[in-house]
Amino acid sequence: MSSMQKANSVNIYVIITAAVILGLAGVFFRFLDEIFGHGFIFTSVSNIILVIGILVALKGVFAILKS
């Protein structure tokens, strides 16, 4: 399998899609503060979700660069 086929594999796109979904979930979770009013809890949890999303996205990007 050539390096171009490895970089275009479906697994990498699934990883990047999961990272985007996690990032969006983290952003929307932050807006729950306006509805429920517990600022520190929602901000902390949303930051954790965003960091996990960033790490997953970096895993996908480095998988493309490695191939």
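User: What should I keep in mind about the model and its numbering?

Analyst: This is a predicted model, in which local features need pLDDT of at least 70 and side-chain atom pairs count only at pLDDT 80 or more, while totals for chains, interfaces and linings use all residues. Residues are numbered from 1 along each chain as its sequence is written, and side-chain values use heavy atoms, with hydrogens and water left out.

User: At what angle do helix H2 and helix H4 pack, and how far apart are their axes?

Analyst: Two packed helices are described by the angle between their axes and the distance between the axes. Here helix H2 (residues 10-30) and helix H4 (residues 39-66) pack at about 165°, with axes 8 Å apart; the axes are lines fitted to C-alpha atoms, for helices over the stretch in contact, and angles run from 0 to 180 degrees between N-to-C directions. Helices themselves are DSSP runs (H or I, at least four residues), numbered from the N terminus. H2 and H4 are therefore roughly antiparallel, a term for angles over 145 degrees.

User: Which kinds of residue make up the contact of H2 with H4?

Analyst: The contact of H2 with H4 divides into 17 nonpolar, 7 polar and 2 charged residues, where Ala, Val, Leu, Ile, Met, Phe, Trp, Tyr, Cys and Pro count as nonpolar, Asp, Glu, Lys and Arg as charged, and the others, Gly among them, as polar.

User: Is serine 46 buried or exposed?

Analyst: Buried means under 20% relative accessible area, exposed over 50%, and partly exposed in between (1.4 Å probe, protein chains only). Serine 46, in helix H4, has a relative accessible area of 0% and is therefore buried. Leaving aside neighbours within four places in sequence, serine 46 is in contact with Gly26, Phe29 and Arg30, contact meaning heavy atoms within 4.5 Å. Threonine 43 is also found in helix H4, but is partly exposed at 30%; threonine 43 and arginine 30 are 13 residues apart in sequence and 5.6 Å apart in space, C-alpha to C-alpha.

User: How many aromatic pairs are there?

Analyst: Rings of Phe, Tyr and Trp (its six-membered ring) pair if their centres lie within 6.5 Å; planes under 30 degrees apart count as stacked, over 60 as edge-to-face and the rest as tilted. The count comes to 2 aromatic pairs. Phenylalanine 36 and phenylalanine 42 form a stacked one, 6.0 Å centre to centre with 25° between the planes. Phenylalanine 36 counts as exposed at 54% relative accessibility, whereas phenylalanine 42 counts as buried at 12%. Ring pairs link Phe29, Phe36 and Phe42 into a cluster.

Technical notes: Helix = DSSP H or I, 4+ residues; strand = E, 2+ residues; numbered from the N terminus. Parallel < 35°, antiparallel > 145°, perpendicular 65-115°, else oblique.
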